[in-house]
Amino acid sequence: MSKQILPNAATLITPSLITKFAFKYNLKLVIAVMLMFTLGCKKDKADKDPMTLLTSKNWTPTDRDEDNSTNPADGTSYYAVHNCEKDDTYTFNKDLKLSINGGDSPCQLNEVNPQVSDYNVDFAAKKITIKGTTYTIAAITATQLKIYITLPPTSIVRHNVYVFHH
């Protein structure tokens, strides 16, 4: 009687089989990673689009600045937000309309809510015009909008900074 010899596992696994297996699963891994980066980058780019940042949520005036390194270099003063303004909301719409809601603490007796006006913005020039006043955009992030006006040379302080948060 002859003895049948079964091949051992080492003789079944050949270098070409290993190569095919590795290539098949590495290709799937590469495709998965590329999809994650592609889809992830589109969202990041949209999140950093200045118009999307400006119009995605309401802004509230604040005295707190998250990053004073974006201030103009030659003398700044922060606008002192009054208590009646701390609950105001500024809503910039994509159709270039600004809606200002005075909140529950009016600053004037017969305050109209909301106040609606046009605004114009040029992100390349870092300028925004609100109610006829042109401001320089110092910073716009997902949580902070900082704009300022340049005061006349005779002023003690050179720039007045306005800060808004979400």
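Predicted model: local features only at pLDDT ≥ 70, side-chain atom pairs only at ≥ 80, totals over all residues.
**Stop 1: the pocket**

Select Tyr79, Glu85, Tyr90, Ile100 and Lys131. Of the 24 residues that line the largest pocket, these lie nearest its centre. The volume of this pocket is about 530 Å³. Next, colour strands E1 (60-62), E3 (89-92), E7 (133-140) and E9 (159-165), the elements that each give two or more residues to the lining. Which element gives the most to the lining? Strand E9 does, with four residues. By type, the lining divides into 15 nonpolar, five polar and four charged residues.

**Stop 2: the core**

Now select Leu54, Phe92, Tyr119, Ile128, Ile130, Leu145 and Ile147. The largest nonpolar core has 20 residues, and these seven names are the ones that touch the most other members. Elements that give two or more residues to this core include helix H3 (50-55), strand E4 (97-101), strand E5 (115-122), strand E6 (127-130) and strand E8 (144-150). Strands E3, E7 and E9 also belong to that list. In soluble globular proteins, nonpolar side chains tend to be buried together.

Leaving aside neighbours within four places in sequence, Ile128 is in contact with Leu54, Phe92, Tyr119 and Ile147, among others. Its other contacts include Asn120, Val121, Thr133, Thr134, Tyr135 and Ile137.

**Stop 3: the salt bridges**

How many salt bridges does the structure hold? There are three.

Select Asp63 and Lys86 for one of them, with N to O at 3.8 Å. Asp63 lies in the loop between E1 and strand E2 (76-78) and Lys86 in the loop between E2 and E3, so this pair ties together parts 23 residues apart in sequence. Asp63 is partly exposed, at 43% relative accessibility, and Lys86 is also partly exposed, at 41%.

Move to Asp65 and Lys146, whose side chains meet in a salt bridge of 2.8 Å, N to O. The pair links distant parts of the chain, with Asp65 in the loop between E1 and E2 and Lys146 in strand E8, 81 residues apart. Is Lys146 buried or exposed? Lys146 counts as buried, because its relative accessibility is 0% and the cut-off for buried is under 20%.

Finish at Asp118 and Lys97, where the closest N and O atoms of the salt bridge are 2.6 Å apart. Asp118 is in strand E5 and Lys97 in strand E4, so parts 21 residues apart in sequence are tied together. Lys97 is partly exposed, with a relative accessible area of 34%.

Notes
Residues numbered from 1 in each chain as written. Heavy atoms only, no water. 1 Å grid on protein atoms, 1.4 Å probe; cavity = no way out; pocket = protein on both sides within 12 Å on 5 of 7 lines; lining within 4 Å. Points joined across faces, edges and corners; volume = space filled by probe spheres on them. Nonpolar A, V, L, I, M, F, W, Y, C, P; charged D, E, K, R; others polar. Core = buried A, V, L, I, M, F, W, Y, C linked by side-chain atoms within 4.5 Å. Buried < 20%, exposed > 50% of the residue type's maximum accessible area, 1.4 Å probe, protein only. Contact = heavy atoms within 4.5 Å. Salt bridge = Lys/Arg side-chain N within 4 Å of Asp/Glu carboxyl O.
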